[in-house]
Amino acid sequence: MIDRIAALGRGTLDVLMAIGRAGLFLVQSVFCLPSREGFHLWLRQMHFVGVMSVAIVLVSGLFIGMVLALQGYTILVGFGADEALGQMVALSLVRELAPVVAALLFAGRAGSALTAEIGLMKATEQLTSMEMIGVDPLRRIVAPRLWAGFVSLPILTVIFAVVGIWGGYLVGVDWLGVYDGSYWSNMQDSVDFVGDVLNGMVKSLVFGLVVTWIAVFQGYDLVPTSEGISRATTRTVVYASLAVLGLDFVLTALMFGDLG
Amino acid sequence: MNDPIMVEVKDLHFARGNTEVFRGVDLQIPLGKITAIMGPSGTGKTTLLKLIGGQLTPDRGQVLIGGQDVHELPRRSLFKLRRRMGMLFQSGALFSDLDVFENVAFPLRVHTELPNAMIRDIVLMKLQAVGLRGARHLMPSELSGGMARRVALARAVALDPDLVLYDEPFVGQDPISMGVLVQLIKKVNQALGLTAIVVSHDIKETLSIADYVYIIADGKVMSHGTPQTLDVDDDAHVRQFVHGEPDGPVPFHYPAPDFYDDILAPAGQFS
């Protein structure tokens, strides 16, 4: 019994210490002076983290928009409300699906790659050698990746939503025959820029920070062995996905919770 | 030893978990000389280099470089101090996304405002010194272990540091690469007048270039002196290590139950 209590205490202390390390890590990485070289490094990471995620976001956004339209139509048509299809597709995407699914895809594609890349740098002593050259890896390696994730996820989210709406149009209007005027005008009437679009963007900014933070911290803090890298990469995807889903509920409750 | 001191380690204590790695280590590294730190595998030689470089923090004791306590320095000052140090890693630790030229140019690009033409000249001079000027466009993955270590040496001395730390520079090298590296370390030391700390357990090669040697075992300095004095040292640890004797205070076997009992024990009892 005493052993179990001791193990629980040790576990709790380990978790608290990891949270403390992660917090310090974030502060030390984010708060550094911008420089011209830092900007170039950030641009390179924008390509690696952001541009290279565009294809998966485009394809996923298109299919999700198409499925939404198909599912939505079969329900709405029963109430004779199929003209509200544009409104349903747009609100679902802008408020929820675009920020959440883009973040989940981002965690799987870019997050795991970031963890593996930084972890391998640690395992091959590249981070240590950088420190010994007098260059802080938090500034040179971690900060550009963190900022790239923070900036690129909201852009990917916008791309996801736009392509999704277009996918909904293809299925709803071109295939199922919903009148295109009502598809667009209902959408225009019901989607509020501040209440829906900006709130969706706030969500994706939060997700961008959290997913990238988890990914780079897991890479930086891992045990530098092949097993350590594999575990850390898995942890990145699991923790980041759970964090996105949990935070989505919290943010949704804060943004839209007073409706009822 | 009357030379001025570059690095001083005082009463260093360090533990990893429950294992005590150092129990009061004292070292004095003279300025402009090659000092070797030797000892059997697992005695914490690399850990000692990491403590000197400020990558690990001791439980007790001090590491002074040029009079500055490495572990009392704020992060920014520590990174500034490290610009005066070079370190050659056992694996080379080259940046895998940069080619040979850019690896050597890296410290110059981040710490100096030199124009590109001058950086090019310095990098080519350093690569010429290690015999790899012609390999400047290769990526680290295209280099052999020996070549990677030579590129890493060129990078370590790119900024003409005051102090260079060599972590097991001869491990896993073929005889030709080993001979080249031994000569390079000596030449670099003489040409640049820098202070060198070589951590190694390759006795012959290390003793051939070292001016002074410390032998570490059991978390303490067992003996120190010039290579000539160590050769005739009577201490059992030193004799076993320097002459490579299998029997002595350092056991060949990791602590284990009796071999006979272990073999005859029912499955699972000693596993």
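User: Two strands pair if DSSP finds at least two bridges between them; in what order do the six strands of the open sheet in chain B stand?

Analyst: This is a predicted model in which local features need pLDDT of at least 70 and side-chain atom pairs count only at pLDDT 80 or more, while totals for chains, interfaces and linings use all residues. Residues are numbered from 1 along each chain as written, chains are lettered from A and ligands numbered from 1 in written order, and side-chain values use heavy atoms, without hydrogens and water. Helices (H or I, at least four residues) and strands (E, at least two) are DSSP runs numbered from the N terminus. With mixed pairing, the sheet in chain B has the order E6-E7-E8-E3-E9-E10.

User: Which strands stand at the edges of this sheet?

Analyst: An edge strand here has a single partner strand, so one of its sides is left without a neighbour in the sheet. In chain B, this holds for E6 (85–88) and E10 (220–225).

User: Which residue of E9(B) is the bridge partner of Ile37(B)?

Analyst: Strand E3 (residues 34–38) of chain B pairs with strand E9 (residues 212–217) of chain B in the parallel sense, over four bridges. Within E9(B), the bridge partner of Ile37(B) is Tyr214(B).

User: At about what angle does helix H9 of chain B run to E9(B)?

Analyst: Angles run from 0 to 180 degrees between N-to-C directions, with axes fitted to C-alpha atoms, for helices over the stretch in contact, and contact means heavy atoms within 4.5 Å. Helix H6 (residues 175–192) of chain B lies across E3, E7 and E8 and runs at about 140 degrees to E3(B). Helix H9 (residues 236–243) of chain B lies across E3, E9 and E10, and its angle to E9(B) is about 110 degrees.

Methods:
Two strands pair if DSSP finds at least two bridges between them.
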